[in-house]
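The following exercises are to be worked with the sequence and the coordinates at hand. Each task is followed by a solution in steps.

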Amino acid sequence: GKTSWPELVGTNGDYAASVIESQNSRVKAVVTLDGSPVTADFRCDRNRVRVWVDTNRIVVRVPTTG
């Protein structure tokens, strides 16, 4: 499956998360406010894709797996 979604920068974060999960069933997309502290824990059961958004819930970084 895909591992990077540059085409989603500038779109709504919830929409982006649904696109990501539909294009790669092995990942869990998590919408996260840009600048928020996050854990760096590793998940072996399912890869996480952080969907970084601004206060208007617009994607501000390229979502990637890892």
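A contact means that heavy atoms lie within 4.5 Å. The model is a predicted one, in which local features need pLDDT of at least 70, side-chain atom pairs count only at pLDDT 80 or more, and totals for chains, interfaces and linings use all residues. Residues are numbered from 1 along each chain as its sequence is written, and side-chain values use heavy atoms, with hydrogens and water left out.

**Exercise 1. Describe the surroundings of Val49.**

Step 1. Locate the residue: Val49 belongs to strand β2. Strands (E, at least two residues) and helices (H or I, at least four) are DSSP runs, numbered from the N terminus.

Step 2. Classify its accessibility. Val49 has 0% relative accessibility and is therefore buried; the term buried means under 20% relative accessible area, exposed means over 50%, and partly exposed lies in between (1.4 Å probe, protein chains only).

Step 3. List its contacts. Leaving aside residues up to four places away in sequence, Val49 touches Trp5, Ile20, Val27, Lys28, Ala29, Val30, Pro63, Thr64 and Thr65.

Step 4. Thr3 and Val49 are 46 residues apart along the chain, and their C-alpha atoms are separated by 8.7 Å.

**Exercise 2. State which elements the protein has and in what order they run.**

Step 1. Count the elements: there are one helix and two strands.

Step 2. Read them from the N terminus on, which gives α-β-β.

Step 3. Consider the whole chain. Of its 66 residues, 29% count as buried. The accessible surface comes to about 4100 Å², with 51% belonging to carbon and sulfur atoms; such areas come from the Shrake-Rupley method with a 1.4 Å probe, and for residues only the protein chains shown count as cover.

Step 4. Consider the range of the contacts. Among contacts with a separation of 6 or more, 36% are between residues 24 or more positions apart.

**Exercise 3. Identify the residues of the largest nonpolar core.**

Step 1. Apply the criterion: a nonpolar core is a set of buried Ala, Val, Leu, Ile, Met, Phe, Trp, Tyr and Cys residues joined through side-chain atoms within 4.5 Å.

Step 2. Name the members. The largest such core has 12 residues, namely Trp5, Leu8, Ala16, Ala17, Val19, Ile20, Val27, Ala29, Val49, Val51, Val53 and Val59.

Step 3. Assign them to elements. At least two residues of this core come from each of α1 (13–23), β1 and β2. The largest share, four residues, is supplied by α1.

**Exercise 4. Find how many salt bridges the structure holds, and describe Asp34 and its partner.**

Step 1. A search of the whole structure finds four salt bridges.

Step 2. Examine Asp34. Its partner is Arg61, with the closest N and O atoms 2.6 Å apart. The pair links distant parts of the chain, 27 residues apart: Asp34 is in the loop between β1 (27–33) and β2 (47–53), and Arg61 is in the segment after β2.

Step 3. Check accessibility. Asp34 is partly exposed at 36%, and Arg61 is partly exposed at 38%.

Step 4. Include two other bridges. Lys2 and Glu7 meet at 2.7 Å, N to O, while Glu21 and Lys28 meet at 3.9 Å, N to O.

**Exercise 5. Is Thr32 buried or exposed, and which residues does it touch?**

Step 1. Beyond four places in sequence, Thr32 touches Val38, Arg50, Val51, Trp52 and Val53.

**Exercise 6. State what is noted about the phi of Arg57.**

Step 1. Recall the general rule: most residues other than glycine have a negative phi.

Step 2. Read the value. Phi of Arg57 is near 65°, a positive value in a residue other than glycine.

Step 3. Arg57 lies in the segment after β2 and is partly exposed, with a relative accessible area of 35%.

Methods: A salt bridge is a side-chain nitrogen of Lys or Arg within 4 Å of a carboxyl oxygen of Asp or Glu.
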